[in-house]
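Let's take a walk through this structure together. Have the sequence and the 3D view open, and follow along.

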Amino acid sequence: MEDSIDGFNVVKQDIERNLEQVKTWFSRWNTLQSSQQQDDCVQLEETIIQTLKDVMWDCDQLAETIAITQQNNVYNITPAELEGRKKFVVGVRKQNNEIMKKIKEAITRRKLMKNSVGPGVSFSAGARDEQLVQRQILEEQDELLDRFHSKIGSISDVAIGIGEELTTHDEILKGFNKDMDETQARLATNTKFVDKLLESTRGNISSIIIAALCLSLLILSAISV
């Protein structure tokens, strides 16, 4: 009598009725999922989700009522009855969450499969057969790998070409350094020769001039080499 006055049983019966209906729809939905009837699945999903939302809203209202009753128990509900009502709300929420989770996972999986097929393929034609979708995904992955390997090959060719050019430039530099060493050696030899010549002609101005001219000729000859 007290339960009917506070309205708990009325809402509870409504929740139980909706929940039984959801279970029936969910069983039908599982069958449609197995038979790949995606269009029918989508319509049934919308109905189930909306009903689950209504049930959850009712559960929230019952939970608020239980909390108020604990603070101000105007209907003299026993502690055992309050505990039973709490367990009822918790149980309904658990069932709702389990069904909602499975449906959302299926929706997400279907969207991923649709995106994987690509814009050029109709989802109704390709994604109805899961094996066909998986094969198409694998083919796209193979194509991407082939492109990746092709780019790697091009980069490798460029790297080899750069390495060959560096080797050529290195050989040119080595030859240039060798020529510089030979020029410096000739210049040192000529310098020693001029020094000896100056020593032998010291005090003789004309001889110094001649030596200077010889040095100039030697320097010019070394530069021209």
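**Charged pairs along the helices**

Start in helix 2, where E20 and K23 sit three residues apart, about one turn of the helix. Helices here are DSSP runs of H or I with at least four residues, just as strands are runs of E with at least two, and both are numbered from the N terminus. Before going on, bear in mind that this is a predicted model, in which local features need pLDDT of at least 70 and side-chain atom pairs count only at pLDDT 80 or more, while totals for chains, interfaces and linings use all residues. Residues are numbered from 1 along each chain as its sequence is written, and side-chain values use heavy atoms, leaving out hydrogens and water.

Back to our pair: the side chains of E20 and K23 meet in a salt bridge, 3.9 Å from N to O. That term stands for a side-chain nitrogen of Lys or Arg within 4 Å of a carboxyl oxygen of Asp or Glu. Side chains of opposite charge can pair when their charged atoms come close. E20 counts as partly exposed because its relative accessibility is 49%, and K23 gets that label at 36%. (Buried means under 20% relative accessible area, exposed over 50%, and partly exposed in between, using a 1.4 Å probe and protein chains only.)

How many salt bridges does the structure hold? There are five, so let's visit another two of them.

Next comes R93, whose salt bridge with D60 has its closest N and O atoms 2.8 Å apart. This pair links distant parts of the chain, with R93 in helix 4 (residues 79-117) and D60 in helix 3 (residues 38-71), 33 residues apart. R93 is partly exposed at 27% relative accessibility, and D60 is partly exposed with a relative accessible area of 33%.

Stay in helix 4 for R85 and E81, which lie four residues apart, about one turn of the helix. Their salt bridge brings the closest N and O atoms to 3.2 Å. Is R85 buried or exposed? It counts as buried, because its relative accessibility is 3%. E81, at 27%, counts as partly exposed.

Finally, how confident is the predictor? That is what pLDDT tells you for each residue, from 0 to 100. The chain has a mean of 77, and 69% of its residues reach 70 or more. Where pLDDT is low, the predicted coordinates should not be read in detail.

Definitions and conventions:
pLDDT is the predictor's confidence in each residue, from 0 to 100.
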